[in-house]
Amino acid sequence: MHHFDYTDGVLHAEGVNLATLADAVGTPFYCYSTATLERHYKVFADAFGELRPLVCYSVKANSNQAVIATLAALGAGMDVVSEGELRRALAAGVPADKIIFAGIGKQRSEMAYALDVGIHSFNVESEPELLALNEVAVEHGRVARIALRVNPDVDPKTHEKIATGKAENKFGVAYGEALRLYALAAEMQGLDAAGVHMHIGSQLTDLEPYRRAFTLLRKLVVQLRAAGHDISHVDLGGGLGVPYRGTNDIPPHPSEYAAVVHETLGDLEVRLAFEPGRMIAGNAGILVTEVIYSKPGDGKTFLIVDAAMNDLIRPTLYEAHHEIWPIDEAARAQELVPTDVVGPVCETGDYIARARPMPPLEPGARIAVMTAGAYGAVQSGTYNSRLLVPEILVNGAEFAVVRPRTTYEDLIGLDRLAPWLSKS
Ligand code: LLP
């Protein structure tokens, strides 16, 4: 569920008229809904009842500090994968002891920074990383609390580029290696191996892979405890899918997911942690863009809009489907024609939708690309020397520009002519 809907014939974000907003800030822009972010966080966190897990929003999905602060105000912790994300979470006011640091390639300097600020724990993904973290912790006179990320070799049945829990993926340590590595970690004075971590993939729409993975994880916790390891913390990652096709593909509700967690791990007496990203932010954001030209193609229309693959790369990178809603509701009544919605970037792969039945929109018409709150703005770039688009956060009838559009000075001013090319 989200809070983008038509009022008096115009699409609104909560109480904000998106046509008026587009006039005020220009297109394209991302627009996020506070009520939707809050609702999703609460639905997820409340689904686990008395298990009271630490819900660490996965900052990579949408790292705008206003989004982070909105969730932190509800008690959310954060899952970060770089020093940059860690710094953003701290800058947004998240207490360090609610932050989990994941990722397969942590640098020693990043580890040292995270130890210094006192994060909750590290998710460790390999033996060399285990050794490096121990060394850094000892050097700094600290003990790093860790969870080893275990790869259960389970097919999450999602797009191949966002599957992480199969043996062939780069993530985690092999399930069969875990006991040896915990024994190794137990010998290291800079580590407290109190946790186990698993994350099998993103945009999961089937609970069975979770059930298989959590069952294996339960078995591992029992074995680890039998071997004398004090496991008190289990991080189950994120990955729950969102309905990119509206009511046509409703993924499992967090309560159904929580039932699987209860069934498989409910009696382990551990503090559970989760790292949902998309499920919180996906449906809480849209990308608003304007038609520049409408051009007839071979049996279809090309709607050339002012947003492009550099602003939203998901359609071309993951063959992702995003619903498109006209801002002007009246357009919905028109007969639909096969349409490719494309951007100005000079690549055939630059599209937002292909072969999509759309109303025949005129230049100047605005459309909303739905479910773009997760992995939208964060994956944007400046290809073709295009400016990064602004991000707007709506709260009831109010809105705030939470990241302004960059300027050409920002973009071009970063280059330096080499000394031998200087004009003077
Ligand atoms: N935890 C870990 C260790 C992860 O790798 C991820 C996502 C998450 C949590 C959050 O997963 P979520 O709840 O958002 O599914 N850019 C891609 C998605 C990449 C996901 C990367 N890892 C996309 O646009 O579909």
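1. In this note, Ala, Val, Leu, Ile, Met, Phe, Trp, Tyr, Cys and Pro count as nonpolar, Asp, Glu, Lys and Arg as charged, and the others, Gly among them, as polar. On that scheme the shell around the ligand has four nonpolar, eight polar and six charged residues. The model is predicted.

2. Which residues are closest to the ligand? They are S202, E275, R314, Y318 and Y375. In total, 18 residues surround the ligand.

3. A polar side-chain atom of E275 sits 2.6 Å from a ligand nitrogen atom. For R314, a polar side-chain atom lies 2.6 Å from an oxygen atom of the ligand. G239 contributes a polar backbone atom, 2.8 Å from a ligand oxygen atom. Taken alone, the ligand exposes 590 Å², and the protein buries 91% of that.

4. Y375 is one of the residues closest to the ligand. Is Y375 buried or exposed? Y375 counts as buried, because its relative accessibility is 15% and the cut-off for buried is under 20%. Y375 is found in the loop between strand 19 (366–369) and strand 20 (391–395).

5. S385 belongs to the loop between strand 19 and strand 20. S385 also has a positive phi, about 50°, although it is not a glycine. For background, most residues other than glycine have a negative phi, and most peptide bonds are trans.

6. Another backbone point concerns T27 and P28. A cis peptide bond joins these two residues, with omega about -10°. P28 is found in the loop between helix 1 (18–25) and strand 4 (29–33).

7. D79 has its place in strand 6. D79 counts as buried, at 1% relative accessibility. Its side chain makes a polar contact with the side chain of K60, at 3.5 Å. Leaving aside neighbours within four places in sequence, D79 is in contact with C56, Y57, S58, V59, K60, E85, I100, A102 and E275. One of these, E275, also has a polar side-chain atom 2.6 Å from a nitrogen atom of the ligand. Another, E85, is among the buried residues of helix 4.

8. Which residues of helix 4 (residues 83–91) are buried? They are E83, E85, L86 and A89. They lie on the same side of helix 4, because they cover an arc of only 160° around the axis. These buried residues pack against helix 3 (65–72), strand 6 (77–80), strand 7 (99–101) and helix 5 (108–117). G93 follows helix 4 and has a positive phi, near 95°.

9. Helix 7 (residues 178–186) can be read the same way. Its buried residues are A178, L181, Y182 and A185. An α-helix has 3.6 residues a turn, so residues three or four places apart point the same way. What covers the buried residues of helix 7 includes helix 6 (127–139), strand 9, strand 10 (173–174), strand 11 (191–197) and helix 8 (208–226).

10. A147 is found in strand 9 (residues 144–151). A147 is buried, with a relative accessible area of 0%. Not counting residues up to four places away in sequence, A147 touches F122, N123, V124, Y182, G195, V196, H197 and H233. Of these, Y182 is one of the buried residues of helix 7. How far is A147 from P360? They are 213 residues apart in sequence and 53 Å apart in space, C-alpha to C-alpha.

11. V124 is found in strand 8 (residues 121–124). V124 is buried, with a relative accessible area of 0%. Leaving aside neighbours within four places in sequence, V124 is in contact with K106, E129, L130, L133, I146, A147, L148 and R149. V124 and R145 are 21 residues apart in sequence and 10.0 Å apart in space, C-alpha to C-alpha.

Note on methods. Residues numbered from 1 in each chain as written. Predicted model: local features only at pLDDT ≥ 70, side-chain atom pairs only at ≥ 80, totals over all residues. Heavy atoms only, no water. Buried < 20%, exposed > 50% of the residue type's maximum accessible area, 1.4 Å probe, protein only. Helix = DSSP H or I, 4+ residues; strand = E, 2+ residues; numbered from the N terminus. Arc of directions from axis to C-beta. Contact = heavy atoms within 4.5 Å. Near = heavy atom within 4 Å. Polar contact = N/O pair within 3.5 Å; in protein donor to acceptor, adjacent residues only side chain to side chain. Areas by Shrake-Rupley, 256 points an atom, 1.4 Å probe, with all protein chains shown as cover.
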